[in-house]
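Work through the exercises below with the model open. Try each task before reading its solution.

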There are 2 protein chains.
Amino acid sequence: MNLLIKNVVLDGQTKDIFIEDGTIREIADNCSQRADKTIYGNNKIALPSLINGHTHAAMTLFRGYGDNLPLKTWLEEKIWPLEAKLTEEDVYWGAKLACLEMIRNGVTVFNDMYWFWEATARAVCDMGIRGFISAVFIDMFDLKKGGEEIENNIRLFEISEKYKSHVTFTFGPHSVYTVCKESLEWIRNFSEKNDILIHMHLSETGEEDTLSRNKYGVSPVGFLDSIGILSPRFIGCHGCWLDEKDCDILKARGVSLVNNPVSNLKLAVGRFFPYLLVQERDIPFCFGTDGCASNNNLDIMETMKFASLLAKYSTGDTTMLGAKDTFAIATKSAAEIFRLGDWEIKTGNSPDIMLVDPQRPELTPGFDIYSDIVYSANGYVVDTVICMGRVVMENRHIPGEEEILVNAKRVAKTLVER
Amino acid sequence: MNLLIKNVVLDGQTKDIFIEDGTIREIADNCSQRADKTIYGNNKIALPSLINGHTHAAMTLFRGYGDNLPLKTWLEEKIWPLEAKLTEEDVYWGAKLACLEMIRNGVTVFNDMYWFWEATARAVCDMGIRGFISAVFIDMFDLKKGGEEIENNIRLFEISEKYKSHVTFTFGPHSVYTVCKESLEWIRNFSEKNDILIHMHLSETGEEDTLSRNKYGVSPVGFLDSIGILSPRFIGCHGCWLDEKDCDILKARGVSLVNNPVSNLKLAVGRFFPYLLVQERDIPFCFGTDGCASNNNLDIMETMKFASLLAKYSTGDTTMLGAKDTFAIATKSAAEIFRLGDWEIKTGNSPDIMLVDPQRPELTPGFDIYSDIVYSANGYVVDTVICMGRVVMENRHIPGEEEILVNAKRVAKTLVER
């Protein structure tokens, strides 16, 4: 399968891009390669696609469901009762809605943690993008429950082979306050043996930090380090309550972080992502939207703006996380964390690609595409999206969009009434 | 001139809306009125349009122009040299670009402060929306310069009659650190006599607060109150450094505020808008985008999200500025501040109206339109916009859009090279 993209603007110059089996083989003024499919960029701007480092995809179904409540009431009276009723079909349509929204916003890769692993995996394959998918692993310190979760994860790891064209199996231990030491040790061993990424909430709230210090005498990072689970395979999400010592440990172990600025504000977690501590140590990080219940969208362009502006505000330095750096974090750095290779649009690389339509007021006059994308645009500037060499959205058209909207709406309403 | 809007969803029910000379005359299941123009809503959702309480419209021309610099360098080496070269034609196209972007995002009213007053006024009339327009009044404590600014403002007030169908003349004294007491006293008197709104930056930065305390021995609010300029005609923008005493004075004088959360983060002003102090005293406020140099867009939907989430984060209370309240602030409260009457879509009222297309992933499943608009949507969900009973955007089409993009781009590039 090969693809020729004619007349796109790359670093300010009009070029053709020829992609074979997902890898860029040629970038030239006029490619004469024979292609299975040719698309015409019409001077749209070609950029590497965006990566969503942390979400719970199928929570699109809960978007706007009772979210002006205190956190505890909302979780206990709204979200958890609904989640208890979720079916495989619900999650499939919720995850498909999430993929649809992400493709529209130029996202082709996401890192997920949710129930009904296989439903999300099927949705990702059907939509033609890439998912790093984990099942939520929660045992509430019950060894029996932990054992069941372990069995379930072994089963999912085995069946994940079937979805490997688009899906990478990962572990999703929820947090230090919902998973016991024994389960985490098993995850550590299995992850090491099979080289599996671990996706975990980490130092999100002050409550989490306090619980860890009360239970284990150390911070969440201190505890996780004591059982040897931290490594370059470990991806910690949120990190707002990390301190200097935590960051030293994370750096020493090669851990990556995911910054979810929108969710952190909405849930009022009390501290900003520690931009300075992370920057001083050059700890790899990328951006996540978190799930739709705490964001309430999956637009990484919007997330880039929140992250960049909060970095400036929280440090008092208006040069922090400049637009070009912010864009690189959402693309190149994220791709490194997820082991996707060099994500720049260059011959020999295999990034996914989005084409941006510059004929829009918010991209005019157009002095600096990175500034315009990070500070001014939202996901709707994306016109065409290419994932692994295949076109998943062309001129804003995604096959099956209407069916997804209808079914997601149907299962969400049924879920509430069930 | 009358307009019939068929089949829109209003408060969950499908209705027709009949508008005569800008005022809603009938809302019914099936209006049989004869209309000069009929548009078909196709079950889009009708909502009152949004109001942008503080901007510098023509700064769209500087969008993305060198904005990863320290504030001082950026102003002194980038923005001010360009502003010194601005012409009437530049501002006209910059303001038209701003109107275009705002209409696209459902904004039909904005409060402006910029150079070349008449250029912005012409742009607003040409685009068919509403502008509260002030000339930047800066005298740098030079009485001669102050006298020139006064003459200029008298002249503009007189010619503003010509634009009154769409434009309201206001005063734009820049700030307490750029305008002398004598000028402010003249503005106070003229504003009182002619009932003119005053649009001023107020307590935006710590530097401003310190300068005022050093120069006048009191905060900016304390100084302004000492010269009697504070009244219900006074609209103070930003307000991040207001303290309890300031807020007591503002409440006593009937002053309104404009919260510009995006700009405050980008410029790292050091403090959040004082949501609690303002809420406790019920001080009227609305939202502004600020100019494109410090935002960098004019999307009030995005601004609502920033404001609502920062209110939660900064107070630690996840129920602060809920979605419905936030939407009311951007519409109903803003309309009261600008004396536009009751902005709700009800018979006898004269609000502007936007039609939102709910067939989009980020508005699905659609449990709560206010939550979806504030937390999930961006301006691109707006499909059709009606201002003063006339359709200014229909099915996302705005007459003359391409010409505006071409000309704004042209003058911006020429300005840099001039």
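**Exercise 1.** Find which residue of chain B stands opposite B:Val391 in S15(B).

Solution. Begin with the two strands (DSSP runs of E, at least two residues, numbered from the N terminus). Strand S14 (residues 382-387) and strand S15 (residues 390-393) of chain B run antiparallel and are joined by three bridges; strands pair if DSSP finds at least two bridges between them. Across from B:Val391 stands B:Ile386. The hairpin has two residues between its strands, and B:Met388 takes a positive phi near 50° there.

This is a predicted model, in which local features need pLDDT of at least 70, side-chain atom pairs count only at pLDDT 80 or more, and totals for chains, interfaces and linings use all residues. Residues are numbered from 1 along each chain as its sequence is written, with chains lettered from A and ligands numbered from 1 in the order in which they are written.

**Exercise 2.** Locate the kink in H1(B) and list the buried residues of this helix.

Solution. Helices are DSSP runs of H or I with at least four residues. A kink of about 35° lies at B:Ile79, shortly before B:Pro81; the bend is the angle between axes fitted to the seven residues ending there and the seven starting there. Next, apply the burial test (20 or more other C-beta atoms within 10 Å of the residue's own, C-beta atoms being placed from the backbone). B:Trp74, B:Leu82 and B:Glu83 are buried in H1(B). The buried residues of H1(B) pack against H14 of chain B, where contact means C-beta atoms, placed from the backbone, within 7 Å.

Definitions and conventions
Buried ≥ 20, exposed ≤ 12 C-beta atoms within 10 Å, placed from the backbone. Contact = placed C-beta atoms within 7 Å.
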